[in-house]
Amino acid sequence: DYDGPLNARVTGTIERPRYVIEKVIFESLPRFYVTANLYRPKAPGRYPGVLFSMGHWREGKAAAQLTAANLALKGFVVLVYDPVGQGERQQAYDRRTRASLAGGATDQHFQSGAQAILAGENFARYRIWDGKRALDYLLSRPEVEKGKIGCTGCSGGGTLATYISALDPRITVAAPACYINTWRRLFSGPTGDAEQSFPYFLSSGLDVMDYIELFAPKPWIIGSTVEDFFPIEGARHAYQEGRRWYRVFGAEERIAWVVGPGPHGTPREVREGIYEWFI
């Protein structure tokens, strides 16, 4: 329930012909710093906002540049923030090697996950809280239309987009990519990062689809690719179950599924499906 000051500051800007990128840093907890990029249209006015959580790309927020810039060009203010262990938030950083002693992004998540378990906590607590506080910052911006907030992300970013959308009522449109599935299908795959596995989740009778159903009847789109290691049949099952639940609300048109070619990621077909959904 911490709700202290963000102590946010803009440390620099990058000017493009039709949009601006602002370099941002804020505190999600006291002295727990989150680095982010804010993409906004150059023209003055108020615009819908998009919270963009990142997947397990080592470079962090920079990996979102194509999608975030396109959203800004289409009239959205987009906040992309670094997860713990990625971008400018390296854990176990060694100045001699200019790298993390723990390894890459996923390795750093596993390290933090193990430390959290030993402390009787879960790493997802901090990841979700970073997203909640990033949303606080996004909504503090004068350019953002407060009642129109979307949330998106791919892979581990799709995981966090799923959590945050289900748990924070300020999100009005959800668009997670390359995550939505069923646990039965995921058992056979290589997935399961520290923040993607909750103790007692399955024994409580829960599954990934419950996040979608908690969000209903607000608009939700699932993004998938045909060759993803998140099995396509698991995404199909989740979509079909979610659609049946939305039918209870008379809102079947508010849930959709966009599928693109290729492996894990957001090919053009998926990106354009998300743009259209937000618009």
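What is the volume of the largest pocket? In this predicted model, the largest pocket has a volume of about 250 Å³. Local features here need pLDDT of at least 70, side-chain atom pairs count only at pLDDT 80 or more, and totals for chains, interfaces and linings use all residues of the predicted model. Residues are numbered from 1 along each chain as its sequence is written, and side-chain values use heavy atoms, with hydrogens and water left out.

Rolling a probe the size of a water molecule over the atoms shows where empty space is left. The search runs on a 1 Å grid over the protein atoms alone, where a pocket is an open set of points with protein on both sides within 12 Å along at least five of seven lines, a cavity is a set of points where a 1.4 Å probe fits but cannot get out, and lining residues have an atom within 4 Å of a point. Grid points are joined across faces, edges and corners, and a volume is the space filled by probe spheres set on the points.

The largest pocket, at about 250 Å³, is lined by 17 residues, of which F52, A63, T67, C154 and T266 are the closest to its centre. Two or more lining residues come from each of the elements β4 (47-53), α1 (65-73), β8 (144-154) and α8 (268-278), where helices (H or I, at least four residues) and strands (E, at least two) are DSSP runs numbered from the N terminus. Strand β8 gives the most to this lining, with three residues. Sorted by class, the lining has nine nonpolar, seven polar and one charged residues; Ala, Val, Leu, Ile, Met, Phe, Trp, Tyr, Cys and Pro count as nonpolar, Asp, Glu, Lys and Arg as charged, and the others, Gly among them, as polar.

The text now turns to charged side chains. The whole structure has 22 salt bridges, a salt bridge being a side-chain nitrogen of Lys or Arg within 4 Å of a carboxyl oxygen of Asp or Glu. One of them joins D3 and R133, at 3.3 Å from N to O, and this pair links distant parts of the chain, with D3 in the segment before β1 (9-15) and R133 in helix α3 (residues 123-140), 130 residues apart. D3 is exposed, with a relative accessible area of 57%, whereas R133 is buried, with a relative accessible area of 2%. R133 also forms a salt bridge with D136, the closest N and O atoms being 2.9 Å apart, and because these two residues are three apart in helix α3, about one helical turn separates them. D3, R133 and D136 belong to a network of salt bridges that also takes in K132, D168 and R170. Elsewhere, R40 forms a salt bridge with E143, with the closest N and O atoms 3.9 Å apart; R40 lies in strand β3 (residues 32-41) and E143 in the loop between α3 and β8, so the pair ties together parts that are 103 residues apart in sequence. Both R40 and E143 are buried.

Some details of the backbone complete the tour. The peptide bond from A216 to P217 is cis, with omega near 5 degrees, and P217 lies in the loop between α6 (209-215) and β10 (220-225). C178, although not a glycine, has a positive phi of about 50 degrees; this residue lies in the loop between β9 (173-177) and α5 and counts as buried at 1% relative accessibility. Y200, in the loop between α5 and α6, has a positive phi near 70 degrees, and Y200 is exposed, with a relative accessible area of 66%.

How values were computed
Buried means under 20% relative accessible area, exposed over 50%, partly exposed in between (1.4 Å probe, protein chains only).
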